[in-house]
Structures are given as structure tokens and as C-alpha cells.
Amino acid sequence: LLISFHAAMMLLLGPWAGSVARRFGVYRTAFVGTAFSALGLIGIANSGPDLMLWYVAWILFGIAQLFCTMIVWSYAVTLAFRKQRGFALAISMAGSAFAAFTFPPLTLWLYGNYGISGAYIGFAIIVAATSLPLILLTWKRFQAVQDKSDAQAAQHIGIRESLGFAVMTRTFWLMGAGMATVAGAVSGMILHYHALMTDRGI
């Protein structure tokens with residue numbers, strides 16, 4: 001249920017998060033999103049045993065997380081890189097794979113030693129301690145890059161910006177095919193995850 005809800009939020013609110021990053025700056029958006037994501041995790045840790053309060057805490061966390069996911073950071077990468085931009089995006093997205101690899105055993109350790117509330121608080125500390133200092137350290141340097149990119153974009157406003165033009169390009173369909181393939185693979189894993197882990201599996 002939570003995975004489906006998160007996917008729906010990404011679909012419905014993702015474009016809004018991208019617009020906010022464009023208008024107010026990537027780092028400002030990511031800083032606020034990361035800070036409120038950490039607060040959201042703390043809220044989840046303290047939301048029990050009221051089920052409705054638990055759902056509200058997850059909704060607020062989901063909204064905050066939209067502003068520090070790859071929706072925002074992929075925009076940062078496209079601004080910072082001109083050559084080998086695809087490679088840079090691949091490296092940045094590898095962070096999600098690293099988290100998927102390391103967080104399950106870390107979750108079990110936190111849960112075993114501090115309980116479910118302690119696990120959420122532990123993740124809140126990890127999110128704040130690893131992300132916020134890096135954002136602050138690189139904020140000014142990257143802001144100059146974004147300002148320069150926005151100035152260049154303003155000179156070409158209105159040129160090839162329509163949806164109709166984008167749909168006619170080869171790049172659009174290549175990106176769409178890649179995203180559809182990834183979405184299908186991820187959906188298949190989610191739907192069959194329980195069977196993979198229990199039915200003659202791990």
C-alpha cells in the first residue's frame with residue numbers, strides 16, 4: 001500500500017517538485033526537502049499507535065521526500081554537466097541502488113537494537129547528517145552554475161519548447177522506452193517480492 005501510494009504521489013506531484021526546483025533553485029529545494037524528510041521520519045517514529053496519525057505522517061514525509069529525490073537531483077546534474085551527461089546521471093542514480101543494497105541490513109540492525117521507532121529516528125539522523133552538510137558545502141558553487149544556465153535558457157525561450165515538438169523527437173521516445181522498461185521491471189519485482197523471498201527463495 002505504501003509503495004503504491006508513493007508511486008502515485010511521484011506521478012501526480014513530481015512535475016510540481018521539478019517546477020519548484022526550477023523556480024527557487026535546486027539546492028534550496030533539496031535542503032528544505034531533506035530537512036522536512038528527516039522531520040517526517042521522526043514524526044513517523046512517534047505516530048503510533050494511532051493508525052490515522054501514522055498515515056498522516058507518511059503523507060507528509062512523502063510530500064517532503066519529493067523535493068530531495070532524483071526529480072530534483074537529475075535537474076542539478078543536467079545543469080552541471082554538458083559532456084557525458086548521461087554517464088553523470090547514471091552515477092547519481094547509482095546512489096539509489098547503493099541505498100537499496102545497504103539499508104535492509106541496516107534497518108534490521110536498527111530495529112533489533114532500538115525498536116521500530118528507533119529505526120525511523122536512526123534513518124532521520126542519517127538523512128540529515130549525510131545530506132544537509134553536503135548541500136551547504138556546495139550550495140554557492142552550484143548556484144552560480146544554475147544562474148548561468150537560466151540566463152542562457154532565457155535567451156532561447158520559446159524555441160522548441162512545445163510538447164508537440166518534444167513528442168516528435170527521437171530522444172523523447174528513447175527516454176520513454178527506457179523509463180517504461182525500468183518501470184515494468186520494478187513493478188514486477190514489487191508484485192512478486194513476497195513470493196521471491198518465501199516460495200523456495202531466501
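Q: Contact means heavy atoms within 4.5 Å. Which residues does alanine 45 touch, not counting residues up to four places away in sequence?
A: Alanine 45 touches Ser117, Tyr120 and Ile121. This is a predicted model, where local features need pLDDT of at least 70, side-chain atom pairs count only at pLDDT 80 or more, and totals for chains, interfaces and linings use all residues. Residues are numbered from 1 along each chain as its sequence is written, and side-chain values use heavy atoms, with hydrogens and water left out.

Q: Where does alanine 45 sit?
A: Alanine 45 is in helix 2. Helices here are DSSP runs of H or I with at least four residues, strands are E runs of at least two, and both are numbered from the N terminus.

Q: Is alanine 45 buried or exposed?
A: Buried, because its relative accessible area is 8%. The cut-offs: buried is under 20% relative accessible area, exposed is over 50%, partly exposed is in between (1.4 Å probe, protein chains only).

Q: How far is alanine 45 from glycine 122?
A: In space, 9.7 Å from C-alpha to C-alpha. In sequence, alanine 45 and glycine 122 are 77 residues apart.

Q: Back up. How many helices and strands are there?
A: Eight helices and zero strands. Along the sequence the pattern reads α-α-α-α-α-α-α-α.

Q: What share of the protein is buried?
A: Buried residues are 25% of the 202 residues.

Q: What about confidence? Which element has the highest mean pLDDT and which the lowest?
A: Helix 2 has the highest, at 89. Helix 6 (residues 163-167) has the lowest, at 69. For the protein, the mean pLDDT is 78, and 83% of the residues reach 70 or more. pLDDT is the predictor's confidence in each residue, from 0 to 100.

Q: OK, helix 2 then. How does it run against helix 3?
A: The axes of helix 2 (residues 26-45) and helix 3 (residues 51-65) come within 8 Å and cross at roughly 165 degrees. So helix 2 is roughly antiparallel to helix 3. Axes are lines fitted to C-alpha atoms, for helices over the stretch in contact, and angles run from 0 to 180 degrees between N-to-C directions. Under 35 degrees is roughly parallel, over 145 roughly antiparallel, 65 to 115 roughly perpendicular, and the rest oblique.

Q: Which residues make that contact?
A: On helix 2: Gly33, Phe36, Ser37, Gly40, Leu41, Gly43 and Ile44. On helix 3: Trp54, Ala57, Trp58, Phe61, Ala64 and Gln65. By class, eight are nonpolar, five polar and none charged. Nonpolar covers Ala, Val, Leu, Ile, Met, Phe, Trp, Tyr, Cys and Pro; charged covers Asp, Glu, Lys and Arg; the others, Gly among them, are polar.

Q: Zoom in on serine 37. Buried or exposed?
A: Serine 37 of helix 2 is buried, because its relative accessibility is 3%. Not counting residues up to four places away in sequence, serine 37 touches Phe61, Ala64, Gln65 and Cys68.

Q: And helix 4?
A: The axes of helix 2 and helix 4 (residues 70-80) come within 10 Å and cross at roughly 155 degrees. Helix 2 and helix 4 are therefore roughly antiparallel too.

Q: Which residues meet there?
A: Val26, Tyr27, Thr29 and Ala30 of helix 2 meet Val72, Trp73, Tyr75 and Ala76 of helix 4. Seven of these are nonpolar, one is polar and none is charged.
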